[in-house]
Amino acid sequence: MRGKVILWDDTFVRYHEPNIGIATVKVLEALGFEVELLENRKCCGRPAFSQGNLDAAAEVAQHNVDLLNANDSTTPIIFLEPSCWSMFVEDYRELRIESAEKIANRCFLFEKFVNDLLEREPDALHFKHFETTLAIHAHCHAKSIMNPAFMRRLAERLPGRKAILLDTACCGMAGAFGALAEKYNLSVQVAQDLIDKLENQGRETQIIASGTSCRHQIRHLKHIQPKHMAEVLAEALP
């Protein structure tokens with residue numbers, strides 16, 4: 001066993017898309033990790049932060065940081081939702097949350113965590129061969145902090161897969177923005193670049209999007225079912 005990791009099962013994964021959390025546990029356990037969920041954690045604070053409610057965001061942020069500090073000082077924390085991950089690694093520091101820097105150093109986006117491990121140990125996982133194309137829409141929060149090129153490399157570790165990292169902008173949902181009736185038309189306009197690029201993909205192409213808002217927007221506007229990278233990796237395991 002490689003030791004423990006904490007899976008930050010964000011609100012949407014916990015209550016709406018548990019299949020993504022289940023897939024993540026399958027991959028991490030196949031890598032030899034013991035996966036734990038954090039009890040008594042609160043929302044990362046992204047909704048409040050995005051609306052300018054900084055006091056509420058800081059309150060839940062300090063709660064989460066204190067909880068993680070009390071839980072363990074070294075265990076990696078794995079995130080599935082880029083907007084939650086960026087809250088921990090960037091926005092908690094902007095909010096001047098005590099010990100935010102210490103916690104940020106333990107936080108990893110799932111795709112990056114797995115890709116980094118496989119770069120060091122290419123034989124740590126073995127995948128089934130399947131000929132298909134994977135088209136990846138990278139989340140804005142991930143692109144703002146890191147180069148998302150590793151996502152294509154990770155996808156192409158699956159034998160037979162050809163991966164494309166789409167050169168796309170925001171999906172137009174932007175958290176709660178696209179859910180507002182008065183912002184709907186603008187949200188669709190913003191999404192047009194993404195939709196155009198998706199329409200250029202073959203019918204058999206599997207779309208990958210790590211952000212829940214992105215997946216919901218794609219489902220709504222294109223009537224296709226995008227997947228999280230964790231699901232694609234889990235399905236490829238023997």
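Strand 5 and strand 7 pair in the parallel sense, over four bridges. Pairing here needs at least two bridges found by DSSP between the two strands. Helices (H or I, at least four residues) and strands (E, at least two) are DSSP runs, numbered from the N terminus.

Quick ground rules. This is a predicted model, where local features need pLDDT of at least 70, side-chain atom pairs count only at pLDDT 80 or more, and totals for chains, interfaces and linings use all residues. Residues are numbered from 1 along each chain as its sequence is written, and side-chain values use heavy atoms, with hydrogens and water left out.

Back to that pair. I136 stands opposite I208 in strand 7. The sheet has three strands, is open, runs in the order 6-5-7, and is parallel. Strand 6 and strand 7 are the edges; each has a single partner strand, so one side of each lacks a neighbour in the sheet. Neighbouring strands are turned by 25° against each other on average, direction ignored. Axes are lines fitted to C-alpha atoms, for helices over the stretch in contact, and angles run from 0 to 180 degrees between N-to-C directions.

Four strands, open, order 2-1-3-4, parallel pairing. Its edges are strand 2 (33-37) and strand 4 (107-109), each pairing on one side only. Here neighbouring strands are turned by 35° on average, direction ignored. Strand 1 (residues 3-8) pairs with strand 3 (residues 77-79) in the parallel sense over three bridges. L7 stands opposite I78 in strand 3.

Helix 2 (residues 18-30) touches strand 1 and strand 2, and its direction makes about 150° with that of strand 2. Helix 5 touches strand 1, strand 3 and strand 4, with about 150° between its direction and that of strand 4. Contact means heavy atoms within 4.5 Å.

Helix 5 also has a helix partner. Two packed helices are described by the angle between their axes and the distance between the axes. Helix 4 (residues 54-71) and helix 5 (residues 82-94) pack at about 120°, axes 11 Å apart. Which residues of helix 4 and helix 5 meet? From helix 4, A57, V60, A61, N64, V65 and L68; from helix 5, M87, F88 and Y92.

Next, helix 12 (residues 229-236). Seven of its eight residues are buried, so helix 12 is largely enclosed by the rest of the structure. Buried means under 20% relative accessible area, exposed over 50%, partly exposed in between (1.4 Å probe, protein chains only). The buried set is M229, A230, E231, V232, L233, A234 and A236. What do they pack against? Helix 2, helix 7 (110-120), strand 5 (132-137), helix 9 (149-155), strand 6 (161-165) and strand 7 (206-209).

E235 sits in helix 12 too. E235 is partly exposed, at 44% relative accessible area. Beyond four places in sequence, E235 contacts K128 and K227. Side chain to side chain, E235 makes a polar contact with K227 at 2.9 Å. A polar contact is a pair of N or O atoms within 3.5 Å; within protein, one must be able to donate a hydrogen and the other to accept it, and residues adjacent in sequence count only if both atoms are side-chain atoms.

Buried or exposed? E17 counts as buried, at 8% relative accessibility. Its side chain makes a polar contact with the side chain of T212, at 3.2 Å. Leaving out residues up to four places away in sequence, E17 touches F12, T212, R215, H216 and R219.
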